[in-house]
Amino acid sequence: MLAALFSLALSAEAQADTLTVYSARNEQLLKPLLDQFTKNSGTQVQLLTASEAALLARLSAEGASSPADVLITVDAGNLWQAVQKNLLQPLASGVLEKNIPAHLRDPANHWFGMSVRARTIVYSKARVPAGMLSTYEDLADPKWRGKLCLRTSKKVYNQSLVAMMMQDLGEAKTEAVVKGWVANLATDVFSDDTALLKAIAAGQCQVGIANTYYLARLLQADAAFPVGLFWANQATTGVHVNVSGAGVARHSKNPALARKFLEFLSSDEAQKIYSDKDLEFPANPAVAADSIIKSWGSFKPNVINVSKAGELQAAATRLMDRAGYR
Ligand code: FE
């Protein structure tokens with residue numbers, strides 16, 4: 001009896017010192033952050049990695065008995081969905097409010113952007129003079145017929161990009177642009193940004209849209225990789241930015257520990273890891289980006305609150321479908 005009580009008490013204590021993280025991020029990218037947190041705090045982290053859809057479904061199904069303390073995922077569209085499904089709890093933290101700019105977090109503090117990803121125009125340095133490039137909308141111009149590569153519209157990154165365009169340009173204009181993109185495609189849509197960048201390097205197409213960290217990784221492996229980056233829409237709406245972010249799970253048994261972890265993710269130390277290892281932009285503006293990223297210079301971002309992308313996601317998906325963007 002005593003022994004049973006003792007072991008119960010032990011497991012409760014072990015649980016109190018363990019943080020359970022559900023993550024849709026690549027485990028390899030997240031690991032250095034988790035290791036550093038364990039080193040600093042002595043807290044063990046249990047990590048469950050799955051796709052966004054699987055994680056959200058699992059959190060919903062587990063309900064109040066979920067072991068999850070923290071949800072980490074990419075794209076405001078996914079974070080917005082988690083809020084809609086009531087899977088996150090609001091978190092009041094002066095540290096997070098100081099470290100993370102307002103347009104990169106949920107207005108009601110259910111989630112906080114921890115790194116910024118910019119989705120912009122990429123092009124063949126050998127085939128495209130940079131002076132030919134201007135905006136996302138311009139990629140619908142017939143001058144790019146048979147020269148454009150795009151990733152699939154099934155990817156939330158493109159749904160968020162189109163959602164932002166709908167917010168800025170309105171639905172009719174955005175639909176005309178997306179139809180123009182489809183008409184300009186050099187080949188079938190790609191399943192990932194890396195394949196798209198390699199297709200540009202290989203001459204299969206000349207121009208495309210990608211997240212900057214994919215290009216940064218290719219450049220880290222080969223400084224001569226022949227694809228350039230162009231900051232889109234600098235005279236108008238700015239570059240489409242999105243976040244990877246984190247929030248406290250609705251039924252966390254350790255909200256204080258979850259808060260400590262989120263505050264750690266926003267700290268200088270963790271933000272440097274996001275930049276140096278993941279090659280994303282730090283969300284905390286006090287932290288300097290990696291040198292490859294810095295070499296692209298500063299840019300004007302689109303500062304509509306990123307949660308807009310979530311709100312318009314379903315409409316954006318329907319629009320892309322109507323426009324024949326697969
Ligand atoms: Fe990605």
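Modeller: A charge sits over a ring if NZ of Lys or CZ of Arg is within 6 Å of the ring centre and within 35 degrees of the ring normal. Lys 155 lies over the face of Tyr 157, at 4.5 Å from the ring centre, and that distance therefore falls inside the limit. This is a predicted model, in which local features need pLDDT of at least 70, side-chain atom pairs count only at pLDDT 80 or more, and totals for chains, interfaces and linings use all residues. Residues are numbered from 1 along each chain as its sequence is written, and side-chain values use heavy atoms, with hydrogens and water left out.

Colleague: Are Tyr 213 and Tyr 214 buried or exposed?

Modeller: A residue is buried under 20% relative accessible area, exposed over 50% and partly exposed in between (1.4 Å probe, protein chains only). Tyr 213 has 2% and is therefore buried; Tyr 214, at 13%, also counts as buried.

Colleague: How many aromatic pairs does a search of the whole structure find?

Modeller: The search finds seven. In one of them, the ring centres of Phe 37 and Phe 264 are 5.5 Å apart and the planes stand at 45°. Phe 37 belongs to helix 2 and Phe 264 to helix 10 (residues 255-265), so the pair links parts of the chain 227 residues apart. Helices (H or I, at least four residues) and strands (E, at least two) are DSSP runs, numbered from the N terminus.

Colleague: Why is the pair of Phe 37 and Phe 264 called tilted?

Modeller: Rings of Phe, Tyr and Trp (its six-membered ring) pair if their centres lie within 6.5 Å; planes under 30 degrees apart count as stacked, over 60 as edge-to-face and the rest as tilted. An angle of 45° is neither stacked nor edge-to-face, so the pair is tilted. Phe 37 is buried at 2%, as is Phe 264 at 8%. Tyr 213 and Tyr 214 form another tilted pair, with 4.4 Å centre to centre and 35° between the planes. Ring pairs also link Phe 37, Phe 261 and Phe 264 into a cluster.

Colleague: What makes the link between the side chains of Arg 25 and Glu 280 a polar contact?

Modeller: A polar contact is a pair of N or O atoms within 3.5 Å; within protein, one must be able to donate a hydrogen and the other to accept it, and residues adjacent in sequence count only if both atoms are side-chain atoms. The two side chains make such a contact at 3.0 Å. Arg 25 lies in the loop between strand 1 (18-23) and helix 2 (27-41), and its 4% accessibility makes it buried. Beyond neighbours within four places in sequence, its contacts (heavy atoms within 4.5 Å) include Thr 49, Ser 115, Tyr 274 and Asp 278.

Colleague: Where is Leu 279 found, and what is its phi?

Modeller: Leu 279 is in the loop between helix 11 and strand 10 (281-282). Its phi is near 60°, a positive value in a residue other than glycine. Most residues other than glycine have a negative phi. Leu 279 has 0% relative accessible area and is therefore buried. In helix 11 (residues 268-278), the buried residues include Ile 273, Tyr 274 and Asp 278. Asn 233 also has a positive phi, near 55°; it is in the loop between strand 8 (227-230) and strand 9 (240-249) and is buried at 2%.

Colleague: Why does Lys 308 count as partly exposed?

Modeller: Its relative accessibility is 26%, which is in between the buried and exposed limits, so it is partly exposed. Lys 308 is in helix 13 (residues 307-311).

Colleague: Which domains does the domain assignment give?

Modeller: Domain bounds come from an automatic or database domain assignment, which gives domain 1 (2-116 + 243-287) and domain 2 (117-240 + 307-322). Their C-alpha centres lie 30 Å apart, and the contact takes 19 residues from domain 1 and 15 residues from domain 2.
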